[in-house]
Amino acid sequence: PPSLPHSTSDTPFTPTPSFPFLFPSSSPISPRHLQQSQLFTFLHPFPTAVAAMKSTSPTAAVGTALVKTPYIVKFAAVALLSLSVALLFYHHPSFPSAAFSAFTSLSSPTAVAAKNSTSTALNSTSTAVNTSSTILKVKKLPPPPPSVARRTGIVDENGAMTEDFEIGEFDPSLMEELRNLRGGGEETEKKENEPKIVKYDKFKACDGSKIDHIPCLDKSERHCPDSALDCVVPMPNGYQKSLPWPRSRDEVWLHNVPDTRLVQDQGGQYSMLVKDAKISFQDGGSDQYVNLISQVVFLVQNMVPDIDFGHHTRVALDISPGIGSFAASLFRHNVTTLLIGTKDVHKNQIQFALERGLPAMVVGFGTRRLPYASQAFDLIRSSGSGIDWTVDNGVLLLEVNRLLRAGRYFVWGGPQVDNNGSEMEGLAASICWQLVKKEGNIAIWRKPLNSSCYLGREIGAQPPLCNSDEDPDNVWYVNVTACITLLPEVRNGGNVSVWPARLHSPPDRLQSIKMDAMISRKELMKAESRYWNEIIDSYVRAFHWKEQNFRNVLDMRAGFGGFAAAVNDLELTSWVMNVVPVNGFNTLPVIYDRGLLGVMHDWCEPFDTYPRSYDLIHAAGLFSDERKRGKCNFSTILLEMDRMLRHGGTVYIRDSLAVIGEIHEVASAMGWVVMVHDTGEGPHASWRFLVCEKRMP
């Protein structure tokens, strides 16, 4: 740059006439101001432009002097900087963060060393421009954030069900195109497959002859009528809500058992006393009755300690049971005893037992197998003179042999022990039963643990062995045969744990059931128990099951018996009859191995029990299965449920939405009070459960 004049004097000077508007005479300029102007000229980045300005005309000189004024220079610099910043923010919104990053990188030691290597004179201006360009070249701007897609469906991003969802867009033209490709029959096909809810008129009451009606067992053999029940069985005159357990064990309402012939004809034998419209069951009566009933439990236990009631003996069968006093005594020892008898021979003994709160069924004991599993019972007892075990080559005793668990006991009592003892002993020996103890009018035999005795008999010995391909658990409408059922070498029913451990120990016979699952059966059984335990626990808390005093309970589709196991675990005062439908997997062996009761049945036919037998009936998934099978209408099943249900009783039905509507219609037509509830899966689940009450009129 050209040499600048220096002044060491502070004396003001007067501007030349050429700049009257820039330097008025009234505003003297000191040498300090001149030095500032000269300093601006020195720092200007374009010195060639300054030299050109010096050689211009006076007008140009005036413009140059104007530009050199410090106030104008500052104003122009600020304006230019503001405009630059505004444009930069407008075009690059993310610039502040990038500039901050560049600033921090320039503050590093490497940046400082590079800065010191440049020219000091040009650093204040050119560095700013170069830095800005470096920022824009090195720091790439991040891409804009992705647009948030609208979520559709009822499952959130964590896989959980949610009610907060949006329905996606729907293009009707796509459905029209799909319909054309399929021939236009989709809507018609859908309407045909949709369940049609049939409207039902109110069912009429049956005539008085149906009060104690058992449709398929009017005689000793099971034979169902061609037409199903189409009316509601009426309540007997004077009927009252059954007394709660254990009070019902000792007394029942007289009018709840309409047929009182048993009381009138044999009251002395069975020690019953009618008083204040109640029937009381006392200890007393004849010496024989006291010997066989009141003390039989202690006698049997003392005679054979291995019987061990409540541990090794958990499930018992009482044939020709009288009024159930033996079973009532065994309940005190934690033994569940099923009472069976025929209607024609034993009058209404089974009805008395059910009214007392004891497990009981009416059976046709003759030409067909009983509907129970092989090796089901730990102890079988028969007393009285109702059955001759030696007739027809001992076919009835051979059926008992099928039902008795390997290594367990048959107890025979009554006067026939002395009268026909030798003939009975010979028949028992021919089927390899060991006479363990005989004392007075009680004899106890033990079944062998395996088939070694059967296979070691002489050729042609009677009774013969059953065919090897014969399934001992095939029981529905199967005729009894006078042959010995061989015991399996593996997965034998005799290998069970003691009670109560056996309730939750997967038994060996679990692996022999014919079902789809081949590996995870133990896990399936345990999972079913946990599932029902949680559900029944919620019922107990929400619906106050313990206060309702359910005693007689029927589970119409039992599976592995998880429902009954949960009832036991939660210490409810109930016994459960587990029903295995004929169209499902035969899990009866597992149910009995767990220490529970069970029976096989076809729900399109009436059940073998009296009207008003159960306080609570439970059905889970039953109606969906029956709809797939298509054998009978829902009304047939529900009218049978109404026949079995006591007045004041309750029904719980868990099933899919496809069938719940029709069940609701039929239940309402029968006079039940129906309430619909969501399952634990929530309102969007495909299942519901109904709570139905058959209220007292």
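**Disulfides and a helix pair**

Author: Both Cys 216 and Cys 224 are buried. The model is predicted. In it, these two cysteines form a disulfide with sulfur atoms 1.9 Å apart.

Reader: What is a disulfide, and how many does a search of the whole structure find?

Author: A disulfide is a covalent bond between the sulfur atoms of two cysteines. The search finds five. With the bonded cysteines numbered in sequence order, the pairing reads 1-4, 2-3, 5-6, 7-8, 9-10.

Reader: Is the link of Cys 216 and Cys 224 right-handed or left-handed?

Author: Right-handed, with 110° about the S-S bond. The disulfide of Cys 604 and Cys 632 has a torsion of about -70°, so that link is left-handed. Cys 604 sits in the loop between strand S13 (597-601) and strand S14 (614-620), and Cys 632 in the loop between H25 and helix H26 (634-644), so the pair ties together parts 28 residues apart in sequence. Both Cys 604 and Cys 632 are buried.

Reader: At what angle do helix H25 and helix H27 pack?

Author: Angles of 65 to 115 degrees count as roughly perpendicular. Helix H25 (residues 622-629) and helix H27 (residues 657-669) pack at about 95°, their axes 9 Å apart; they are therefore roughly perpendicular to each other.

Reader: Which residues of H25 and H27 meet?

Author: Phe 623, Ser 624 and Arg 627 in H25 meet Ala 658, Val 659, Glu 662 and Ile 663 in H27. By class, this contact has four nonpolar, one polar and two charged residues.

Technical notes:
Residues numbered from 1 in each chain as written. Predicted model: local features only at pLDDT ≥ 70, side-chain atom pairs only at ≥ 80, totals over all residues. Heavy atoms only, no water. Axes fitted to C-alpha atoms, helices over the stretch in contact; angles between N-to-C directions. Helix = DSSP H or I, 4+ residues; strand = E, 2+ residues; numbered from the N terminus. Parallel < 35°, antiparallel > 145°, perpendicular 65-115°, else oblique. Contact = heavy atoms within 4.5 Å. Nonpolar A, V, L, I, M, F, W, Y, C, P; charged D, E, K, R; others polar. Disulfide = S-S within 2.5 Å. Buried < 20%, exposed > 50% of the residue type's maximum accessible area, 1.4 Å probe, protein only.
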